[in-house]
Amino acid sequence: MTFRAHSEVSPLKPVVVHRPRSEGPRLTRETIRGALLRVSVRVAVVSSLVVLTASVGLATPVSASSAPARTVLGTVASTGPAAVVCSAGAHTLGTLGDRLYPDTGNGGYRSVHTNVDMVYAAATNLFLAGNNVELTDQATQCLTSFSLDFERTSADTVAGPNMTVGSVTVDGKPASFSFVQPTYPGDPAGQNDPNPAAHEVSQTDPVGGPKDNPLPPACSPELTSTKASLQNVQNGDQCPANKLVITPSKPIPSGATFTTVVSYTGRPGVHHDGDGTTEGWFRSSDGGFVTTEPVASEDWMPLNDFPTGKPTYDFYDTVGAGLTAIANGILVSITPHPADSEFADGSTTWHWTSAAPIASYLVEDSIGYYTLSEHTGPTGIVFYEAQDISIPAAKQKKNLAIMNDQEEITDFESQFNGPYPFTSAGIIIGTPPASFEEEMQTMITFAGGAIGTSVLYHENMHQWWGDNVTESAYNMTFYKEGLATLAQAFYTALLAENAAGGPSSAAGKAAFEASLVRQFDQRYASAGSAWDGAPSNPTPYTYFSDATTYERPMAAYIALRQILGAANFDSALQEIQRIYGGGNIDEAQLEVVFHQWMPNQSDSCSQRLDDFFTQWFDTAYPKGGGTNRPQITGPGLDGPGFYNATGGCS
Ligand SMILES: [Zn+2]
């Protein structure tokens, strides 16, 4: 089925309903934003809450980890109940000493479900009256106040955001709100520390700088240049006040589920990152294109902006008639509305839903004139394909041929990872020159009007690695980028296999393995920058370094596959998906599973595997390569290998 944008006010036909909901036929936009629908939506939210709480409780301890423990005060009378002290939720999910986006995330609650009620005028690139997000959260302590991340304004007055919060309610009652600066995580003086040094920008920990600030940074710089020589120019500046602190009319008891509605208007925009690139809401000629890693979801909506904050989502995007809204999950319905004061030519509400939780940087919600088609694969996965119609026809045709490979790529990658974790998959190709493609959950973004096959293997692999099993913190990004880059190595090996006779021939299989060995050896031989930065400890400036965040971890996984054996390596991947799917994973948890699938379980081999991980993931070597690089590799690879002549490690 193909939806093509057009300028008529008449209904887009037919309305697609994959999951019949109680919206009723032909609701007006006002009704959609009104009380009736809220009731039906909230019922859906409550039912998903029960499931989510049960599964998240097993797999996501981190999201609540920085919440202060519930405190019982004073002498407890023998007959009376203990007094419960309520306090403000933490303004960060970072931990003491973090230098990667230590300002992001919020404690004291767990994100459960978010309704995005977007009302967006594409011609002016503005959110209009009625635009809001409705966040359902569960308190993990008794809360006097709690916070969200929202970069409503920016020093970049052209492409940056310029939004205004009109009102905030908690459980339907007006709540007071203010914007405050972040404090460095773990500040013993509290998150409103009066010391200005507790609120400073830096690449490094401690801040250092001209005032020799010995404290950790409270936020990462928003650089306007990618030049290495300028990476420290903002160190010591004051962090912007991007923490939206909300004080409900009365404290929220621990364990309670509560709903916050933030109504806001104005222009969404891009965030300037610690490496000088931008991400977020990119203006296109016909709307906005959303691609946001690592932190710029907060440049178009308030949220709990941390990878482990993973609510489920519904999107109700009301846009001018003829425009298309593309979000995560499944397209539920397209509802037209007649002309009104905000949309002279009528409008359309696009409802997308994701029953799977979505990490903060993987929320997709782009608006424009797009072709949108869908088909359902044999295993029931719905595949969406979207392209901006302003891309030249010949280019669209080329793009489409590559997009059509997604189902086959998904099958290929399932051989390693196990079943695809979501009910839908998709690709959106937009026009803005965003400098990266991104693995938005079930809706991969390609920028600049073009798509490439190898990169599609990479982004599609992320659906398992990063999306379904999310990194527990920013410094774990290497874990999922290494696996996504491994998918590109698999693709190169697949081409060699096909050239040598295909997967059913011995020559083809041998060519696949030989290609992986060759790719490892090439990377290992490099004297470049892969070795002088630890993948698990980047600065904001080196966070997305090809060499340390992508290539070195990729090579480590090839070596690990040699150490465990291909079948055991796949089993480990699939076990990680089973245990941590829908949640997140830290480095120790990751390594434990690989340990369990090592064929030689001797103490000496276990120790050697520990050393392997330390060398490949956690060690910064002096420059130059040679002996200044990991000294444990794998069987059949260049370097010292892993096992001794008899298959042991002593
Ligand atoms: Zn990636």
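At what angle do helix 6 and helix 7 pack, and how far apart are their axes? The angle is about 145° and the axes are 7 Å apart; angles here run from 0 to 180 degrees between N-to-C directions, and axes are lines fitted to C-alpha atoms, for helices over the stretch in contact. This is a predicted model, where local features need pLDDT of at least 70, side-chain atom pairs count only at pLDDT 80 or more, and totals for chains, interfaces and linings use all residues. Residues are numbered from 1 along each chain as its sequence is written.

**Overall make-up**

- The protein has 11 helices and 27 strands, taken as DSSP runs numbered from the N terminus (helices are H or I with at least four residues, strands are E with at least two).
- Buried residues make up 52% of the 650 residues; buried means 20 or more other C-beta atoms within 10 Å of the residue's own, exposed means 12 or fewer, and partly exposed is in between, with C-beta atoms placed from the backbone.
- Take the contacts between residues at least 6 apart in sequence, and 70% of them join residues at least 24 apart; a contact needs C-beta atoms, placed from the backbone, within 7 Å.

**Nonpolar cores**

- The largest nonpolar core has 132 residues, a core being a set of buried Ala, Val, Leu, Ile, Met, Phe, Trp, Tyr and Cys residues joined through C-beta atoms within 7 Å.
- This core draws at least three residues from each of domain 1 (12-73 + 81-280 + 291-311 + 322-334 + 353-358) and domain 2 (470-618); the domain bounds come from an automatic or database domain assignment.
- There's also a second, separate core of six residues, including Val201, Ala218, Cys219 and Cys239.
- Among the residues with the most contacts inside the largest core are Ile326, Ala386 and Ile427.
- Leaving out residues up to four places away in sequence, Ala386 touches Ile326, Tyr370, Thr371, Leu372, Ile427, Ile428 and Ile429.

**Helix pairs**

- Helix 6 passes helix 7 (residues 506-525) in a right-handed crossing; handedness is left if the near helix is turned anticlockwise from the far one by less than a right angle, and right if clockwise.
- On the helix 6 side the contact uses Ala489, Thr492, Ala493, Leu494, Ala496, Glu497 and Ala499, and helix 7 answers with Gly508, Lys509, Ala511, Phe512, Ser515, Leu516 and Gln519.
- By class, that contact has eight nonpolar, four polar and two charged residues (Ala, Val, Leu, Ile, Met, Phe, Trp, Tyr, Cys and Pro count as nonpolar, Asp, Glu, Lys and Arg as charged, and the others, Gly among them, as polar).
- Helix 8 (residues 546-564) packs with helix 9 (residues 566-580) at about 115°, their axes 6 Å apart, and this crossing is right-handed too.
- In that pair, Leu560, Arg561 and Leu564 of helix 8 meet Ala566, Asn568, Phe569 and Ala572 of helix 9, a contact of five nonpolar, one polar and one charged residue.

**Two buried spots to look at**

- Ile563 lies in helix 8 and counts as buried because it has 26 C-beta neighbours inside 10 Å.
- Ile563 touches Met598, Gly634, Pro635 and Phe642, not counting residues up to four places away in sequence; its C-alpha is 7.1 Å from that of Met598, 35 residues away along the chain.
- Glu222 sits in the loop between strand 11 (176-180) and strand 12 (243-247), yet 22 C-beta neighbours inside 10 Å make Glu222 buried.
- Apart from residues up to four places away in sequence, Glu222 touches His271 and His272, and its C-alpha is 5.4 Å from that of Gly274, 52 residues apart in sequence.

- A cis peptide bond joins Asp205 and Pro206, with omega about 0°, and Pro206 is in the loop between strand 11 and strand 12.
- Glu293 and Pro294 are also joined by a cis peptide bond, omega about 5°; Pro294 lies between strand 16 (287-291) and strand 17 (312-320), in the loop.
- Asp171 has a positive phi near 50° without being a glycine, and with 15 C-beta neighbours inside 10 Å it counts as partly exposed.
- Thr442, not a glycine either, has a positive phi of about 60°, but 29 C-beta neighbours inside 10 Å make Thr442 buried.
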